[in-house]
Amino acid sequence: MILIGELSLWVALLMAAWSATVSYAGGALRRNDLVSSGVRGLYATFAMILLASVGLWTALLTKDFSLEYVASHISANMPAVYIFTAFWSGQAGSMLFWALILSMYGTIAIATSRSRNRELVPWATGTISAILLFFIATTCFKANPFVRLDFLPVDGRGMNPQLQNPGMAIHPPNLYLGYVATAIPFAFAIAALFSRRLDAEWLGVVRRWTLLSWFFLTIGIILGMWWAYVELGWGGYWAWDPVENSSFLPWLTNTAFLHSIMIQEKRGMLRKWNVVLVVVSFLLAIFGTFITRSGVIESVHSFAQSPVGTWFATFFFLATGITIYLVGTRLQDLEAKVELESMVSREAAFLYNNLVLVGIAFAVLWGTVFPILSEWATGNKITVGPPFFNTVNVPLGLLLLALTGIGPLIAWRRASVSNLKRQFAAPAAFGVVVAAVLFALGMHAVYALVAYALCGFVTGTIVQEFYKGVRARQTIHEESLIPAFVHLVGRNRRRYGGYIVHAGIVMLFAAFAGLAFKTENDVTLKTGETFDVRDPYGHQWRFISQGVSTSNRPDRDVIAVGLEMFRDGKRLGIITSEKRQYLDSQHQTLFQPITQVGIRSTAQLDTYVVLAGVRGNDVAELRVTFNPLVVWVWIGGFVMMIGGLIVMWPQAERRPAQAGYAATIRTPRAEAELPVGV
Amino acid sequence: MKPRTKFLIGGALVLSVAGYLMASSIKDTGVYYMTPTELTAKLQADPSFVNAGVKVGARVVPGSVQRAAGGKEYAFRVTDGSHTFPVVYRGIAPDTFTDSVDVVVSGRMGTDGTFQATELLAKCASRYENAPQKYKETPGYKAGARRA
């Protein structure tokens, strides 16, 4: 099976090359036989990559340590689930995994749109196959998981215990699923440019796949944050590290596209802009892979540095060049047919939303590559850290939050004063009340107050929308509350799913603003000693050290410290933090010791205890951190995921295409009631 | 004024504020990233550079790590092969910090030639990829590495 897998990989390489060549030729020569052959070639590539993947999984699960990849990523005593996920934990395996997802996506995308988008299929198939060809070639020549050792080790080296965590098992595949999904909209955008079929037909496919990419990137990013928070012990979840940034960039451009596409569907505007966003999302995904894999930028995520970096750089510049050429030669086909009518309109709000999202993406990209740029320009490498990203992104983020409330409610084309009053009076008042109450309670940080006022405002708009919708159904269809709610969401998935995503965003912003009130305390405690401290809410905490204990498990040595916790005199229990040294079956140490963080989570506050070190038998060095509202990051992420699922869920009865310019004949007032989604 | 023009003015305003924030915060918070050799050369050319905050990427000299009796204070030496200097760091060191790892220390060079670090990041080359040394010495691995 392993041998079959290895051979399949090489067959897949030939298949992808064949499919790319004949699909493009078929498109250019308008030869249907060639196009069909290209499509079959893509399907065959998927089958071959699937076989290759089964081969690698077989090698892992049968623990064939003669393969270098197997020997260096698993050990015999690891839990089976992590042996399975070791498929994507190393470079070679993750390249194969990319190819597997891309060929699967490509097959699904082409199979489902073959009859609908006849003109686009040859070019889209060719582009998908060309991207696949690149990934498979990189796997075959530069990062082959089937390379054999010329001796047979008794055991492998195992997986870093920090990676043996459920979050880490599913975080990378989610990011890959998100990254790779940007390739499908890219392929269809390229197809639309090649065939000059730049009307509405390519947008449906592109929107669905962008949504899928957005969905998986959201999950992947949030899981990565969660893993960093519970596993790495530095008390935070986002460090503006280049690797984190590179997953954030395509998320931002995807989000921008999912909004601006609505303007094109309803009003026929932003045609150039949308093509550019689709293309840029894919290029950023490739660029992200390049910077994380090549090591050109310093990061604490040190993936193996290897020559795939040069391949990615070449591919990136090639793809960029081709796209610039294609867009440049087709500008006339992309002229908008309608102009912006008023600054006080949904179009304008969405335009600003796009401007801000792309502005954030640009700032993040700039900060990420600044060490390279400054070295080119001046010869000195200058790095920027979290202060840079926060200074720029906090104001932009708050502007975005305000637009999250304004965009969905303001009328299309031109909002009237009565529209503005009807939609915004109550939410705006609610936002002001929230800020006033917090101020009265003693919160005086300006950014945080603005953030919570806007959170209140956006929450107000969302609640108002649901309330109005449910009330309307209750009166028209005489339904009770719950059925009215379910039908409301079910019949307008894009609109109300979008609101649910926005609710998740509000929770994230509320949690981010809480970071302003985080406090850290470094303490040294002997057995029985106490540490008294106030948390950011003003509660009095007491920690009493229960002493340091050591224990030896079959797979690890553990040093643990327990603290008895009291809040305002009430006992809350014991919080424990550990240092663990993992061992192999011969009691040799594996990796560095790792820290097990003690976390007590409530809706208000996380109490986060890290054992930094131990002196003598009973003196513990500890860091005690109070992290307000962190749990809302995970809840907000979950809510966004639910909202995304609602939006993506296939609509049972298909409405007539929303594209087109029917909007131009509707009055602004009627427009305000039209459905809108993410 | 046409709405399009108004939008463009508004957009330019947003972007120029963002641009200003970017430029000013790079100026205020950007720090030089150097190797020990570059830092030494810079200090010789410009002695006042001791006051500038820098980041230095280097490798910890094996056996040089000393933990002060007081606990969260570390003294060690870093090198890039040609230049070596001592570093003092106060705070919690990451789990990955140990002999021979690549570290990035942020702080400033003291007049006594000891680097006072306020931040310590440790990179472990084998953190995600774990090809062990004993395999790396084998002919099979080397052949694989040449192919890879």
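**Figure 1. Helix α5 of chain A.** Helix α5 (residues 91–113) of chain A comprises 23 residues and reaches 33 Å from its first C-alpha to its last, close to the 33 Å expected at 1.5 Å a residue. The expected span of a helix is 1.5 Å times one less than its number of residues. Helices (H or I, at least four residues) and strands (E, at least two) are DSSP runs, numbered from the N terminus. Because 19 of its 23 residues are buried, α5(A) is largely enclosed by the rest of the structure. A residue is termed buried if 20 or more other C-beta atoms lie within 10 Å of its own, exposed if 12 or fewer do, and partly exposed in between, with C-beta atoms placed from the backbone. The model is predicted: local features need pLDDT of at least 70 and side-chain atom pairs count only at pLDDT 80 or more, whereas totals for chains, interfaces and linings use all residues. Residues are numbered from 1 along each chain as its sequence is written, with chains lettered from A and ligands numbered from 1 in the order in which they are written.

**Figure 2. Helices α2 and α16 of chain A and the residues that follow them.** Helix α2 (residues 32–61) of chain A has 30 residues, which at 1.5 Å a residue should span 44 Å; its end C-alpha atoms are 43 Å apart, which agrees. After α2(A) comes A:K63, with a positive phi near 55 degrees. Helix α16 (residues 446–477) of chain A, with 32 residues, reaches 46 Å from its first C-alpha to its last, close to the 46 Å expected at 1.5 Å a residue.

**Figure 3. The largest nonpolar core.** A nonpolar core is a set of buried Ala, Val, Leu, Ile, Met, Phe, Trp, Tyr and Cys residues joined through C-beta atoms within 7 Å. The largest one holds 242 residues, of which A:F188 and B:V103 touch the most other members. Helix α9 (residues 201–231) of chain A supplies the largest share of this core, 20 residues. Leaving aside residues up to four places away in sequence, A:F188 touches A:L120, A:A124, A:W202, A:V205 and A:V206. Two residues are in contact if their C-beta atoms, placed from the backbone, lie within 7 Å.

Figure 4. A:T329 belongs to helix α12 (residues 308–329) of chain A. This threonine counts as exposed because A:T329 has 11 C-beta neighbours inside 10 Å. From C-alpha to C-alpha, A:T329 and A:F194 are 9.9 Å apart in space, although 135 residues separate them in sequence.

**Figure 5. The open four-stranded sheet of chain A.** Four strands of chain A form an open sheet in the order β2-β10-β9-β8, with antiparallel pairing. Two strands pair if DSSP finds at least two bridges between them. At the edges stand β2 (519–526) and β8 (598–601) of chain A, each with a single partner strand, so one side of each is left without a neighbour in the sheet. Neighbouring strands of this sheet are turned by 20 degrees against each other on average, direction ignored; axes are lines fitted to C-alpha atoms, for helices over the stretch in contact, and angles run from 0 to 180 degrees between N-to-C directions. Ten bridges link strand β9 (residues 605–615) of chain A with strand β10 (residues 619–628) of chain A in the antiparallel sense. Opposite A:V614 stands A:A620 in β10(A).

**Figure 6. Strand β7 of chain B and its partners.** Strand β5 (residues 84–90) of chain B runs parallel to strand β7 (residues 115–123) of chain B, and three bridges join them. Strand β6 (residues 102–109) of chain B is antiparallel to β7(B), with eight bridges between the two. B:A117 in β7(B) stands opposite B:Y89 and is also the bridge partner of B:G107. The hairpin of β6(B) and β7(B) has five residues between the strands, and B:G113 takes a positive phi near 85 degrees there. In the loop between β5 and β6 of chain B lies B:T96, which counts as buried because 23 C-beta neighbours lie inside 10 Å of B:T96.
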